Amino acid sequence: MDSSLVDETGRDRERGRATRLRVLVHGLGLLPAASVLVRVLDGDLGANPIQATEQALGRAALYFLLASLACTPLNTVFGWRELLNHRRTLGLYAFLYASLHFYTFSAVDYGLNWTLSKEAIFDKPFTLVGFIAGFILLVLAITSFDAWKERLGRHWKSLHRLAYLAGGMTILHYTWAKKGNLLSLSGDILQPVLSGLLLLLLLALRIPFIRRRLAAHRSGSRRTR
């Protein structure tokens, strides 16, 4: 068989996989918004629909941020390089849902009354933490494009490591909102605690020594096969 035909077939197969993964990423990206919209139309948001909407959008922002941060470790552990092409997309979905979360808070809950919104943000520590996390995501979203990458040079990576800080602050915001008082033993904090453990794992997998060991192990396993 002509080697050029084999190469072309392989490239077509790779393009097909890339297209399917892109469709899957965007499908998952739009799913939380569609779910919230359906629940709003069905009146299936409980006794406090505004709070339920805020929480659903906030959870979506956190999960997409964690998914974006997981792309590099998953490539390190499993060699899934295709995921690296979707880090920015997942991060932008995280920013989208964080923006919708804030819009629901400021426009729907507080009716764009900036005096009341400002008081709610700065008088409640857990709200202030969430606001700062959202501001970090705003900065990262603006600077995520290639033009900013070239403009910032070597500082771009340092800036975008703040995604881990945003993740930690979002989880703190989530936990605090669930419990009301961090010293209280009441409240459902299983989801934010699991999210925090996942974030710590992702951070550990970014440690250079661990990354090198995992990459070497993966290369050795590939040669053995």
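I began with the term: a nonpolar core is a set of buried Ala, Val, Leu, Ile, Met, Phe, Trp, Tyr and Cys residues joined through side-chain atoms within 4.5 Å. Buried means under 20% relative accessible area, exposed over 50%, and partly exposed in between (1.4 Å probe, protein chains only).

This is a predicted model, where local features need pLDDT of at least 70, side-chain atom pairs count only at pLDDT 80 or more, and totals for chains, interfaces and linings use all residues. Residues are numbered from 1 along each chain as its sequence is written, and side-chain values use heavy atoms, leaving out hydrogens and water.

**Core.** I looked up the largest nonpolar core and found 33 residues; Phe64, Leu65, Leu69, Tyr97, Leu199 and Leu202 touch the most other members. Among the elements that give two or more residues to this core are helix 1 (3-42), helix 2 (49-78) and helix 9 (190-205). Helix 2 supplies the largest share, 11 residues. Helices here are DSSP runs (H or I, at least four residues), numbered from the N terminus.

**Leu199.** Beyond residues up to four places away in sequence, I found Leu199 touching Leu66, Leu69, Tyr164, Gly167, Gly168 and Ile171; contact means heavy atoms within 4.5 Å.

**Charged pair.** How many salt bridges does the structure hold? I found one, with the side chains of Arg88 and Asp146 meeting at 3.8 Å, N to O. Arg88 lies in helix 3 and Asp146 in helix 6 (residues 146-152), 58 residues apart. The term needs a side-chain nitrogen of Lys or Arg within 4 Å of a carboxyl oxygen of Asp or Glu.

**Thr127.** I found Thr127 in helix 5, and it counts as buried because its relative accessibility is 11%.
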